[in-house]
Amino acid sequence: MFANKNQNTNSQATKKIDRFILHYYNKQGDNGENMTSPAINNGLTLIATPIGNLRDVTFRAIDALMQADQILCEDTRVSRKLLNHYNINTKLTSYHEYNATSLRPKIIRALQQGEKIALISDAGTPNISDPGYKLVESCLANDIEVSTIPGPTAVVAALSISGLPTDNFYFGGFLPSKTTARKKTFASLRTLDTTLIFYESPARLVACLYDSLEYFAGRTAVIARELTKLHEDVRRAEISELYNFYKGITRVRGEIVFLISPPQKEASYLSHDQIKKLLKERFADETLKDAVRNLAREHDISRSLVYKLALEMKDV
Ligand code: SAM
């Protein structure tokens, strides 16, 4: 984990915030008011942690990490850095795909005996392309309370600054590592009218962009790399431009979110001839401007395309 490029840890503002945090954890505010933090919930608590910048952690996350009887994490070495940064001494237990099946019954027993257990991952929100699903499922099946302490997740961080439509989106997690499977995934999503989001490894980025050209040529895509870290880099361009750019880089590094814009509205279910026919009917009692606007709205197609076709008709 790295400091953010914009983070000046010596600034006056940062020092002021640090003083506030210190007061908070001394349980006393500037005016002596009681700032005792609320207790962690019973049962299992999923706690989001930073995706890079260690300061992207919530007060509730720190409260709960301090108060948990134990914290389940993926790699204790990674999580120890976060805990050391905030002087948290809670016991860490490694819970990952290789020991999850054998460990889960013990965790459930501990929870049934009243332990308050936190689940975190190496970065971001646990259970989002990370371990947790089966544990949550087992807790619910055993009537054990499951709570969330929300915070960072790379998928939402990348989407929010992508410049692509955010009203709805499809998150595909990690793309398959093999070309055939990856292409199958792309083929199945080609006509989905929404922003597509994937996690991708830097070693596969160029191959992935190359494969995506076959299905999404002409669309805008975004590569959000190393978000909140020292070398944060977000590139927005047409897919072929991104492919040409990354092909020229000897070794792409860092953590990556890959986003693809929805299909162009021009790829509508109406042919140009059908649009012209509908326009002709409207011209009987609507102005050109109204006909274009209304038809585009009713059929959810690009207004500029309808306008272009309307002008072609007038030329005839
Ligand atoms: N649970 C995490 C979350 O909530 O985002 C995701 C864990 S998944 C194992 C790790 C992947 O998330 C990385 O390979 C990358 O695709 C994405 N990721 C995590 N941190 C990132 C960052 N700082 N910038 C860009 N992508 C990131």
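**Close-up views of a predicted model**

**View 1. The loop residue Asp 143 and its backbone angle.** With a relative accessibility of 74%, Asp 143 counts as exposed (over 50% relative accessible area; buried is under 20% and partly exposed in between, with a 1.4 Å probe and protein chains only). The structure is a predicted model, in which local features need pLDDT of at least 70 and side-chain atom pairs count only at pLDDT 80 or more, while totals for chains, interfaces and linings use all residues. Residues are numbered from 1 along each chain as its sequence is written, and side-chain values use heavy atoms, with hydrogens and water left out. Asp 143 belongs to the loop that joins helix H5 to strand E5 (146–149); helices (H or I, at least four residues) and strands (E, at least two) are DSSP runs, numbered from the N terminus. Although Asp 143 is not a glycine, its phi is positive, near 55°.

**View 2. The loop residue Asn 127 between strand E4 and helix H5.** The loop holding Asn 127 runs between strand E4 (117–119) and helix H5 (133–141). Asn 127 is not a glycine, yet its phi is positive at about 80°. Its relative accessible area of 24% makes Asn 127 partly exposed.

**View 3. The buried and exposed residues of helix H3.** Helix H3 spans residues 76–85, and its buried residues are Ser 79, Leu 82 and Leu 83. These buried residues line one face of the helix, because they fall within an arc of 95° when seen down the axis of H3 (the arc is that of the directions from the helix axis to the C-beta atoms). Arg 77 and Lys 81 are exposed on the other side of H3. The cover over the buried residues includes helix H2 (59–67), strand E2 (70–73) and strand E3 (92–94), where contact means heavy atoms within 4.5 Å.

**View 4. The two ends of helix H3.** At the start of H3, the backbone nitrogen of Arg 77 has a side-chain oxygen of Asp 75 within 2.9 Å. Just after H3, Asn 87 adopts a positive phi of about 55°.

View 5. A polar backbone atom of Thr 125 is 2.9 Å from an oxygen atom of the ligand. A ligand nitrogen atom is 2.8 Å from a polar backbone atom of Ile 128. A polar side-chain atom of Asp 130 also lies 2.8 Å from a nitrogen atom of the ligand. The ligand taken alone exposes 570 Å², of which the protein buries 91%.

Methods:
Polar contact = N/O pair within 3.5 Å; in protein donor to acceptor, adjacent residues only side chain to side chain. Areas by Shrake-Rupley, 256 points an atom, 1.4 Å probe, with all protein chains shown as cover.
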